[in-house]
Each structure stands twice: as C-alpha cells, then as structure tokens.
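Have a look at the model on the screen while I talk.

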Amino acid sequence: MTKRETAELIVNRLGGKENINLVTHCATRLRFDIKNRQKINQEELSNMNEILGVVDKGGQFQLIIGPSVNALYNEVSPLVGTDFNVEESIEKEELIVEEKNSWVSKILNYISGAISPVLPVIIGAGMINAILSICTLFGLATDSGTYVTLNTIASVGFTFLPVFVAFSAARKIQVNEYLAAFIALAMVASFNQIDGMSLFGIGLQNVKYANSIIPALAMVPCLKIVDVGISRILPSQTHFTIKPVILIFIISPIMLFILGPAGSLVGTLLADLCIWLMDTVGTLSMAAMAGFHNITVMFGVHYLFTPIMVNEIAETGATFVLTRALCANYALAGATLAVAIKSKSSKNKQIGFSTFITALLGVTEPALFGVLIRLKRPLIAACLAAACSGVVAGLISLKAYAIASPGLLALPIYIAPGANGIMNMVAAIGIVILSLILGFIFTWFIGFKED
C-alpha cells in the first residue's frame, strides 16, 4: 500500500476521524488521543505489516511505525485535522471528563503529549552544540563569528523551550495555543531573572523562566480551566475581543506569583536530586535507570524524563540521566545482533540485522518491538546488560552536555567543555562497546525460542 492508503486504513480502524482528538508523533510512533476506545479495531491494526506494535498506555493510543513515521504522519494528519474550535472543545468537555483513565494516566498523557512534538527542537539544538564541540577540537575559536552565530542559534532552542512546550501543551488539551505561547514568551523575554519588578505593589520573585519547562507545563492547564469558565459566562459575541484580555490578566499574575516560582523550585529540586543521586548512589541509580529504560520505552513513557534532563542542563550544564539511554540503547543493539546471528529463521535474521542498524543510530523501537518483545528472553537479556553497563557508567559519573537520542552520530554530545573534554566522549564510547558486548553475550547464552 502507499502511505496515503495506509493512513486511510489506520484512521478507519481507529474509528474514523471523528473518534480522534489529536495525532502527534515522536521518532518512531504515531500517538493518538482517542475519544472512544471501544471503536478501535486493535486486532486489525496489530496485523498490519506497516505497524510494528500497538501500545495503549498513559492515556495515549500509540502505533509503533519505525523511522518512516514522519512520512506516515504527514498523510494521517490531514485526514484527522489538527485545527479545533474553542467553542466545540468546550462542548466536548463532558467527554473528556467522563474518561475512565486515572489522574496519574491523564498527567502522564499530558506531559508526554506536550513534550514529544518539541523533541526535534531539543535534539536539533543539542546536535548543533555537539557539532560545535567537535569543531573546537579542530581549531574553531569560541570567539569567532561562526561559533558565536551557531551557538546563538542553538541557545534559542533551549532559552525559548518553554514557549514551544506551552504551544504544544495547549494544542494537546485544546486551548488557544497562541495565547499560551504569548504568556510563556512574556515570562521568558520580560521577567527572566530580573530583580526589582513588581505587580499591584507586590514584589516579583527572581525566577529563571528561560530553559525551564515546568512552569509552562503547569500554566497551560490553568489557562484551559479559566478559558472554559469564561467561555460559559461571557456572551459569545465578546469571545474574540474581551476573552483574550481577561485570560492574560488572570493567568499572568498566577504565573508570576505562583506557578513561576513553584515551577522553578521544582526544576531546581529535580536537578539537585540528580546531582545527589550521582554523588551518593550514582552506581545503583544508573543501574536501575538503565535496566528499566527499555521497559519505559515499551510503555511509551520514556519522554517523561525529558523535563528532568532539560532542568539538569539548565542548572548544571550537563545531564546524568541521559546516560541511562546510552547504556540501554546499545545493550538492546547487542541483543538484536545476537538474535540476528543465532536465529535459524530467515525472517528473524532479516529483521534482526535491519533493526540492529537502526538501533546503532539511536532508533531502538523497531528492534524492541520487532525482535526483543516478540522473543521475550532477549528483552530480559538486554535489560540485564543495560543494568550492568549502568553500574560502570555510574562509577565514572558519565554525563552528556547536550540532549539527543543516544546513537553513533550523537556521541559528540559527550564532549565536555575544556581541553580534556574529548576524554569524556572516549568514556562514552567505552560504555557503548561494553553495552554492545554484554547485550550480545547475555542474549547468546540465555537464548530464545523462535516459535
């Protein structure tokens, strides 16, 4: 089938466009907000050759597609439609409230749905930093025009990250995304770490809004609640002119006095917790995070670590938590290679070798769903191997200095600032080799049943 035909079939088997609130995608998955799960034909979706797996967790219905997900999303999105009318969304509020998902599930769904569309910005900015790190090793001066220009471009991705997240979160819960972005931009551009400002005669706390996405994540649901309430009170004729002003006057003080300081505090505490884990129980914490990373990927909740990593980078300039994915990704790649070599089935060999290559490049879900989960024992072997390499990564306190999906092309994110920064990347390469070897050996000896 063509991508267009596949997209039409997927939408049809999800219950039609009227059963889909929103569709987004990440590196390998189509992520749907579904109104009525009873209308989904999950069995037929699972049997489609273009779909590697189906996950219904965290309030999202996810289809694992693989590296071609972007091309398929471009066909699915017009069929579903991404525009919405605020008045219609208010009428749908009862459907949203009546969903039986737990509050924990709804929160996870909200955070994941807000973060995943923004990942290209995070990864793109991180990779520019990685490229600059390589260039400085080969003589590019940090005060040169080229370095300053590219570094400025990369810094925009993180400085204004709260604006992108606010826009994405607003689209996720169907409130005006431009108002959400406007308020977030006002915080970053006008109130970021400035002393002596006040509102209504009350002094404003010095808060770091740039880089900090937690205040933005907290602000958008408040905007939604106030928007729904005002829309029910105000005459419809005033919604276009009066409502935006009221929303800004209500949400801005809430952000400045409550959500901003509280969110900044939470972000700082998360960064401090990561530092404490690294300094106190670094080995055990990294072993646990690396060992369970593929399980979080399996359930589609691994993006919940992104706010933690962003706050680590903002507060300390490096992230300890990202290394868990480095250990897990290459342990999975090693396990997949073992399956490819040891399998007697030509189909398993073909899938194993092809998904091994994508895993080396940091795209692990084809291998995870196409090989490891299906054969079960290799998944256990990969988790054990990741935990073991995590012990070593914890012992040496291995940190990344930008955020990107850990693959061969992204290893420069481990180049540390300073003259000896390359040695940190050498250590990361050592962890890659160790994880590959352990994943291969554990899978080879634990074995698997192809039937």
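Ground rules before that. This is a predicted model, so local features need pLDDT of at least 70 and side-chain atom pairs count only at pLDDT 80 or more, while totals for chains, interfaces and linings use all residues. Residues are numbered from 1 along each chain as its sequence is written, and side-chain values use heavy atoms, with hydrogens and water left out.

The structure has seven of them. One of them joins arginine 4 and glutamate 8, at 3.3 Å from N to O. Those two sit four residues apart in helix H1, residues 3–13, which means about one helical turn separates them. When I say helix or strand, I'm using DSSP runs, numbered from the N terminus: H or I with at least four residues for helices, E with at least two for strands. And as a reminder, an α-helix has 3.6 residues a turn, so residues three or four places apart point the same way.

How exposed is this pair? Arginine 4 is partly exposed, with a relative accessible area of 37%, and glutamate 8 is partly exposed too, at 39%. The cut-offs are under 20% relative accessible area for buried, over 50% for exposed, and partly exposed in between, with a 1.4 Å probe and protein chains only. There's also a network of salt bridges here, linking Arg4, Glu8 and Glu75.

Next, aspartate 33 and lysine 172. Their closest N and O atoms are 2.5 Å apart, and they form a salt bridge. Aspartate 33 is in strand E2 and lysine 172 is in helix H9, residues 161–173, so this pair ties together parts that are 139 residues apart in sequence. Buried or exposed? Aspartate 33 counts as buried at 11% relative accessibility, and lysine 172 is buried as well, with a relative accessible area of 9%.

Then there's glutamate 177 with arginine 171, a salt bridge at 2.8 Å, N to O. Here glutamate 177 counts as buried at 8% relative accessibility, whereas arginine 171 is partly exposed at 25%.

Strand E1, residues 20–25, pairs with E2, residues 29–34, in the antiparallel sense over five bridges; strands count as paired if DSSP finds at least two bridges between them. A hairpin of three residues joins E1 to E2, and histidine 25 stands opposite leucine 30 in E2. Five of the six residues of E1 are buried, so the strand is largely enclosed by the rest of the structure.

Now to helix H18, residues 422–446.

One set of H18 residues is buried, including Asn424, Met425, Ala428 and Ile431. What covers the buried residues includes helix H14 (323–342) and helix H17 (377–395). After H18 comes glycine 447, with a positive phi near 75°.

Ile341, Phe353, Ile429, Ile433, Ile437, Ile441, Trp444 and Phe445 form a nonpolar patch with about 730 Å² of accessible area together. Patch members have over 30% relative accessible area and no salt bridge, with like charges joined within 9 Å and nonpolar side chains (Val, Leu, Ile, Met, Phe, Trp, Tyr) within 5 Å. Areas are Shrake-Rupley with a 1.4 Å probe, and for residues only the protein chains shown count as cover. The largest share of the patch, six residues, comes from H18. Phenylalanine 445 counts as exposed, at 67% relative accessibility.

Last, the threonines. Threonine 306 is in helix H13, residues 306–316, and counts as buried at 4% relative accessibility. Leaving out residues up to four places away in sequence, threonine 306 touches Ile115, Leu119 and Ile122, where contact means heavy atoms within 4.5 Å.

Threonine 355 is in helix H15, residues 346–360, and is buried at 7%.

Technical notes:
Salt bridge = Lys/Arg side-chain N within 4 Å of Asp/Glu carboxyl O.
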